[in-house]
Amino acid sequence: MISYWEKDIFAQADFIVIGAGIIGLSTAISLRMRHKKAKVLVLERGTFPTGASTRNAGFACFGSLTELAANIKEWGEDTTYTMVEKRKKGLEFLRNRLGSDEACGYEQFGGYELITEQQMPHLEALHNMNTMLTPLFGESPFIDHSAYKQRFGFGDTVAALLYCPYEGQIHSGKTMSSLALYAKQMGVEILYGVNVQSLCSDDKGVDLEVHIAPLHSHSSLRAEVKY
Ligand SMILES: Cc1cc2nc3c(=O)[nH]c(=O)nc-3n(C[C@H](O)[C@H](O)[C@H](O)COP(=O)(O)OP(=O)(O)OC[C@H]3O[C@@H](n4cnc5c(N)ncnc54)[C@H](O)[C@@H]3O)c2cc1C
């Protein structure tokens, strides 16, 4: 059971987003920006976000030469270019949204792709790939650093070394903590310990059955645009 007051404040919203991972929080923030008067509620089953967003490696990459070469084979150049563009712009968008690189622990150290002997034919794609991506980065993103092979101690196991200065990393914990803080500052309500168990939509909104862990109880919530 939840009280009359709790029900009045927490049990209904214009928009309810399930999950406080990077997608859920970003969606909630965008909804709030687009609909300034709307009540936006995020329901998270964990005591903090407990999905991939806080457990990933934090690589902020847009795809290596061999990955993108495989993507071009499957989807063609236009789709691959658009995907790289979205990855690049998405990262810039997140960094801008959080206001500083410190907020997400972003560091652009660059990254290397190790090319084995069997993968050497992929190097033939280097020139075309750089030409394709130069409009996006302002210069060739992939640079042949094979000269550094011995310095890094790879010996003969690695046939070539490709460097990309645009690869970086984020601190996933910092990012999610900063994103949650930003969402709250934007007026998004985040409830933790609420597991959504079922959804039922009608022509006006959606009813949600939830389990509220701290209260050991079930309850109903409703999302319906009313503002
Ligand atoms: C091991 C691993 C490594 C990765 N490494 C990288 C990387 O280096 N770089 C990169 O860019 N990407 C990486 N990814 C991918 C990236 O982490 C995910 O694409 C991204 O975090 C997905 O975000 P999300 O918000 O969709 O999901 P999640 O972060 O999983 O968020 C979903 C949230 O919803 C909550 N939830 C789920 N069901 C319910 C429910 N019924 N009721 C209430 N709450 C619910 C969960 O508790 C969770 O907090 C990695 C993924 C994994 C798994």
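Axes are lines fitted to C-alpha atoms, for helices over the stretch in contact, and angles run from 0 to 180 degrees between N-to-C directions. The model used in these exercises is predicted.

**Exercise 1. Classify the packing of helix 3 against helix 4, and describe the residues in contact.**

Step 1. Helix 3 covers residues 65-75, and its axis comes within 7 Å of the axis of helix 4. The two axes cross at roughly 135 degrees.

Step 2. Angles over 145 degrees count as roughly antiparallel, and 65 to 115 as roughly perpendicular. Helix 3 is therefore oblique to helix 4.

Step 3. From helix 3, the residues in contact are L68, N71, I72 and W75, which meet E77, T79, T80, M83 and V84 of helix 4.

Step 4. Sorted by class, the contact of helix 3 with helix 4 holds five nonpolar, three polar and one charged residue.

**Exercise 2. Describe how helix 4 crosses helix 6, and which residues meet there.**

Step 1. The axis of helix 4 and that of helix 6 (residues 126-137) come within 11 Å, with a crossing angle of roughly 35 degrees.

Step 2. The crossing of helix 4 with helix 6 is right-handed.

Step 3. Helix 4 contributes E77, T80, Y81, V84, E85 and K88, while helix 6 contributes M132, L133, P135, L136 and F137.

Step 4. This contact between helix 4 and helix 6 comprises seven nonpolar, one polar and three charged residues.

**Exercise 3. Determine the relative direction of helix 2 and helix 7, then the make-up of their contact.**

Step 1. Helix 2 spans residues 22-34 and helix 7 spans residues 172-185; their axes come within 10 Å and cross at roughly 25 degrees.

Step 2. Angles under 35 degrees count as roughly parallel. Helix 2 is therefore roughly parallel to helix 7.

Step 3. The crossing of these two helices is left-handed.

Step 4. I22, L25, S26, I29 and M33 of helix 2 make the contact with M176, L179, A180, Y182 and A183 of helix 7. By class, nine of these residues are nonpolar, one is polar and none is charged.

**Exercise 4. Characterise the largest pocket by its volume and its lining.**

Step 1. Helix 4 gives the most, with nine residues.

Step 2. By class, the lining of the largest pocket has 16 nonpolar, ten polar and five charged residues.

Methods: Residues are numbered from 1 along each chain as its sequence is written. This is a predicted model: local features need pLDDT of at least 70, side-chain atom pairs count only at pLDDT 80 or more; totals for chains, interfaces and linings use all residues. Side-chain values use heavy atoms; hydrogens and water are left out. Helices (H or I, at least four residues) and strands (E, at least two) are DSSP runs, numbered from the N terminus. A crossing is left-handed if the near helix is turned anticlockwise from the far one by less than a right angle, and right-handed if clockwise. Contact means heavy atoms within 4.5 Å. Ala, Val, Leu, Ile, Met, Phe, Trp, Tyr, Cys and Pro count as nonpolar, Asp, Glu, Lys and Arg as charged, and the others, Gly among them, as polar. On a 1 Å grid over the protein atoms alone, a cavity is a set of points where a 1.4 Å probe fits but cannot get out, and a pocket is an open set with protein on both sides within 12 Å along at least five of seven lines; lining residues have an atom within 4 Å of a point. Grid points are joined across faces, edges and corners, and a volume is the space filled by probe spheres set on the points.
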